[in-house]
Amino acid sequence: MPENGQNDRKGDFLMEKKNNKGLADRIPAKVWLLISFLAAMLLWWVLSIIPATSRAFPNVFKVLGSIKTMIDRNVLFKDLSSSLISVCSGYVLGFVIALPVAILMAWYKPVRYIIEPWIQFIRNIPPLAYVPLIVIAAGVGRKPQIIVITIACFLIMCVTIYQGVINVDETLIKAARVLGATDKDIFVRVIAPATLPFILTAIRLGASVALTTLIAAESTGANAGLGMRIRSLNNSFESAPMLLYIIIIGILGITIEKLIKTAERRLTSWQEKREI
Amino acid sequence: MAGEERNLTASDKVRVRIDNVRKVFNTRNGEMVALNGVSLDIHDNEFICVVGPSGCGKSTLLNIIAGLSEPTSGKVYCDGKEVTGTGTERGVVFQQYALFPWLTVKKNVMFALEMRGVKGKAAEEEAMKYLEMVDLAKFADHYPKELSGGMKQRVAIARAYAAEPEVLLMDEPFGALDAQTRTQLQTELLETWEKKRKTCFFITHDVEEAIILAQRVIIMSARPGRIKDIVDIDIPYPRTQETKMTPHFMELKNHIWSQVYQEYLEVRK
C-alpha cells in the first residue's frame, strides 16, 4: 500500500470510479441500447400526446402507417433511390477530387498557400446559401444536387486528409530514407499507410456531410428525393410522412457510419490511440 | 583474449572523415551557429561516443553524417566519397525508435531488407535471423504498440543492422529508457558489436554510457558546437557492468564529467 497521502487518495478515487463503472458494465451494451431506444420511444409518445407538440410528432403508428401511404403514392422508393444516387455520386466525386488536392497541398507549399484559405472560407458557409448560384449556373435536375454534395464532401475530406499527410511523423520518413527508400517507396510505403487513418476518418466525415447537405442539395428544384419530399410535405402539413423521412435519413446515416467504423477498426488496429 | 587488439589501434583506415563542418540555422532571432569548425576522423570499426550538453549540436552533426541535413560549409566523406545525401552504408537508430507502427516487428525488419533488394521468403528468413540477434524472434508478429520501449529499440537496432550499413549512427538511442533497460541494452549492443563489427557513432548525454561503450569519447561544447576534447578509453573489451566499478573507469568518468559539467554551466549562463 502506498504510504503517500496523495497517492492514496488517487488510488481511492480510481477505485471508486471503477466501482461505479462496474455497475454500468454489468449490464451488457445491447441491453443499454434497448433501454436507450425505449426511453426515446417513451419521449416520442409523450410528445405525441402533449397538445402543443402532437401536431409535429404524430405517434409511432401514424408514422409507420405513412410508409404505406408513401408507397401507395408511388414516391417512397423513387425518393430513396434518387437521394442515394445524388449522395453517392457527390460523395465519391468529392473524395476523388479531395485526395489528390490534399496531397498536393501537403507537398507543394504554393498549392497550399493558394488553396487552403479558400477551403477554410467556403467550409464555413452553409451550403444552402450558395445553392441558388449553383442552380443559376448548372440549371435544375440531378446536376446541381451532385455539385452541392460534391463541394461539401470535398471541403471536409480535403481538410482531413491534408491534416493527415502533413502530420506524418517526420522521423518515419527519415528512417525510411536512411534505409534506402526512394521517393516512390516513401509515398507508397510510409505516407500512404500513415495517412490511412485520416483518409478513413475523412470518408466517415464525408458520408455524414453528404447526408446533412442533402436537404440543401435537393432544394435545387429536384423532382424526387428524401430532402425534396420533406420540403413538399411541409407545404401540405403532413407531419407523419415527414417524420418518417427524417427517421429514414437518420437510419441511413448511422448505418453508413457503423459500416465505415468497422472498416476503420479493421484497417487501423495497429494505431496506438484510436480517434473518435 | 582478443580484447586488446580490438582497441583503437585496430584500424587506421578512415571510414568517415568530418572536415571543418559548420552549420548555421536561420532562426527568428537571427543566425544560430550550431556547429563550427568540427573535424574528426572516424576509423573503421571504431566505436565513438559523443557527449555534451543539450544544444551542442550533437544531433545536428549526426544528421549531417547521415545525409539528412547539409552542412553550411565543410564536408563529410564516407569511404573517401563526399556525403551528399542518405546512403545505405550509413544506418541510423533514432531516439524515438521510428518503427513503422502499421508493420509487425518482422515486417519492420523486412522493410530494410526489401530496400536492399532481398524479397519474399528470403527476406522473411533473414529478418528472423536479425530478430534472433536481438532476442525478439518470439515477437515477430507483434505490432510495435504491443512492445515496451526497450523492445522497440531492439527492433530498431535489428532493422538498422538488416540494412547492412558500414556505419551505424545512433542518436541517443537509449535516452528514453529506464536505467535497468538501458544497462541491459548497452550490454547487448556491445555483444552485437563484438560479433558483427561496425563503425559506431553514438550520441548520448550519459557519461557512464559513453565510457562503457566507446573507444573514444568526443566531448562537445555548446554555442557554437565544437569538439572540446577527445578522450581515449583504454579499457579493454569485453566490458561488463562490473567495469563501471573499477578505479580507472571512475577516473575517466570524473575527467569527462567535469568537462561536460563545465559546458553545462556555460549553457546555463
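The request below concerns one helix, and the reply moves from there to other parts.

Please examine helix H5 of chain B: which of its residues are buried, and what covers them?

Analyst: The model discussed here is a predicted one. Helix H5(B) has 17 residues and reaches 25 Å from its first C-alpha to its last, close to the 24 Å expected at 1.5 Å a residue. Its buried residues are B:Arg182, B:Leu185, B:Gln186 and B:Leu189. These four cover an arc of only 110 degrees around the axis, and therefore they lie on the same side of H5(B). On the face of H5(B) turned away from the buried side are the exposed residues B:Gln180, B:Glu191 and B:Lys195. The cover over the buried residues of H5(B) includes helix H4 (149-162) and helix H6 (207-213) of chain B.

B:Glu172 is placed in the loop between strand S7 (167-171) and helix H5 (179-195) of chain B. Its phi is near 45 degrees, a positive value in a residue other than glycine. B:Glu172 counts as buried because it has 21 C-beta neighbours inside 10 Å, where the cut-off for a buried residue is 20 or more.

A:Asn74 is not a glycine, yet it has a positive phi of about 65 degrees. A:Asn74 is found in the loop between helix H4 (60-72) and helix H5 (76-107) of chain A. With 8 C-beta neighbours inside 10 Å, A:Asn74 counts as exposed, since the cut-off for that class is 12 or fewer.

B:Pro238 lies in the loop between strand S10 (226-232) and helix H7 (247-268) of chain B.

Elsewhere in chain B, four strands form an open sheet in the order S2-S1-S4-S5, with antiparallel pairing. Strand S2 (30-43) and strand S5 (81-82) of chain B stand at the edges, each with a single partner strand, so one side of each has no neighbour in the sheet. Helix H1 (residues 58-66) of chain B packs on the sheet and touches strand S1 (14-27), S2 and S4 of chain B. The direction of H1(B) makes about 120 degrees with that of S1(B). Strand S4 (residues 73-78) of chain B and S5(B) pair over two bridges in the antiparallel sense, and B:Lys81 in S5(B) is the bridge partner of B:Cys78.

Finally, the two chains meet. The contact takes 20 residues from chain B and 15 residues from chain A. On the side of chain B that touches chain A, strand S6 (90-93) and helix H2 (105-115) of chain B are the elements that give two or more residues. The residues of that side divide into 13 nonpolar, four polar and three charged.

Conventions: Residues numbered from 1 in each chain as written. Chains lettered and ligands numbered in written order. Predicted model: local features only at pLDDT ≥ 70, side-chain atom pairs only at ≥ 80, totals over all residues. Pairing = 2+ DSSP bridges. Contact = placed C-beta atoms within 7 Å. Axes fitted to C-alpha atoms, helices over the stretch in contact; angles between N-to-C directions. Expected span 1.5 Å × (residues − 1). Arc of directions from axis to C-beta. Nonpolar A, V, L, I, M, F, W, Y, C, P; charged D, E, K, R; others polar.
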